[in-house]
Amino acid sequence: MSDYTRIRVKPITGALGAEVFDIDLAQPLDDATLAEITRAWHNHLVLIFRDQDLTDQQQYDFSARFGPIIPHPYVKGLPEIPEIFQIIREPGESYSWDSFYHSDLMFLERPPLGATLYAKEIPPYGADTAFTNQYLAYETLSDGMKALLDGLEAVNESGDPVKYSNRYQSMEELAKNDAMSATHPVVRVHPDTGRKSLFASLAFTKRFKGMTEKESLPLLQFLYDHSIQAHLGCRLAWQPQSLALWDNRVCLHHAVSDYFGEVATHRRVMQRATIEGEPPIPVH
Ligand code: SIN
């Protein structure tokens, strides 16, 4: 039986994800409704709201109910709202942005707590976004591995800043160009739920603190393979005007680049508002 009174929530898989119904995000949300959305978000980690007719400002305003909105450090945003940027794949482009499981901007001292992604233009099918639950990734490890990881920190690097825009026909680089790096606990504690989750992805995590890349790689590779298993995940199948909200602290995600056949001939435009987070909380 549902314990929500203001929204309807339908889980997507046993691992994570839920569709939320009976809500219009273009309208200002009262505190009780926001509290229910936040509870559903903590329960399911990624929420998708269908048929939301939103202006850029309305996407910003909804996203800002969860925290300050920050620009992407390397990708130019919208002219009117530079904190929001578009992820654009033109028909026939050979690369797809973010087609590797990651948590966004892990190389910031305060990695985002979450993000909203709004479907502006999408292929008629395919080009989903896949998510995996990093609470479960941690909880399904052995006690010995958990104890080892609980005490580790890792170095997370942006890599070359221009790669975020220069491979893509319709994405523009922001002026700021320095590569960034931040050291974070490999296991973090969620400030609201108190649960532990794995916080590592080969997309950004280069090595454990105090170890070389070569020494770190075998364990990082194991953790990556472990954390992206299908039974820990769900896929969001987009429709025009779907908006997703995810908790970036406890999910990995990637854009599934099934750009074959008809899907490859379509433009895909997604619009992201990124919500500032806190320095990840270590286990001890
Ligand atoms: C992202 O990584 O923020 C974008 C995912 C997507 O385009 O599906």
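Two strands count as paired if DSSP finds at least two bridges between them, and strands themselves are DSSP runs of E of at least two residues, numbered from the N terminus. The model is a predicted one, with local features needing pLDDT of at least 70 and side-chain atom pairs counting only at pLDDT 80 or more, while totals for chains, interfaces and linings use all residues. Residues are numbered from 1 along each chain as its sequence is written, and side-chain values use heavy atoms, leaving out hydrogens and water.

On to the open sheet: three strands line up in the order 9-8-12, with antiparallel pairing. Strand 9 (181-185) and strand 12 (205-208) sit at the edges with a single partner strand each, so one side of each has no neighbour in the sheet. From one strand to the next, the twist averages 30 degrees (axes are lines fitted to C-alpha atoms, and angles run from 0 to 180 degrees between N-to-C directions).

Strand 15 (residues 251-255) is mostly covered, with five of its five residues buried (under 20% relative accessible area, with a 1.4 Å probe and protein chains only). Cys251, His253 and Ala255 lie on one side, Leu252 and His254 on the other. Strand 7 (residues 129-133) runs antiparallel to strand 15 and is joined to it by five bridges; here Phe131 stands opposite His253.

Arg188, in strand 10 (residues 187-189), counts as buried because its relative accessibility is 2%. Beyond its neighbours within four places in sequence, Arg188 has contacts (heavy atoms within 4.5 Å) that include Arg249, Glu278 and Phe199.

Conventions: Buried means under 20% relative accessible area, exposed over 50%, partly exposed in between (1.4 Å probe, protein chains only). Helices (H or I, at least four residues) and strands (E, at least two) are DSSP runs, numbered from the N terminus.
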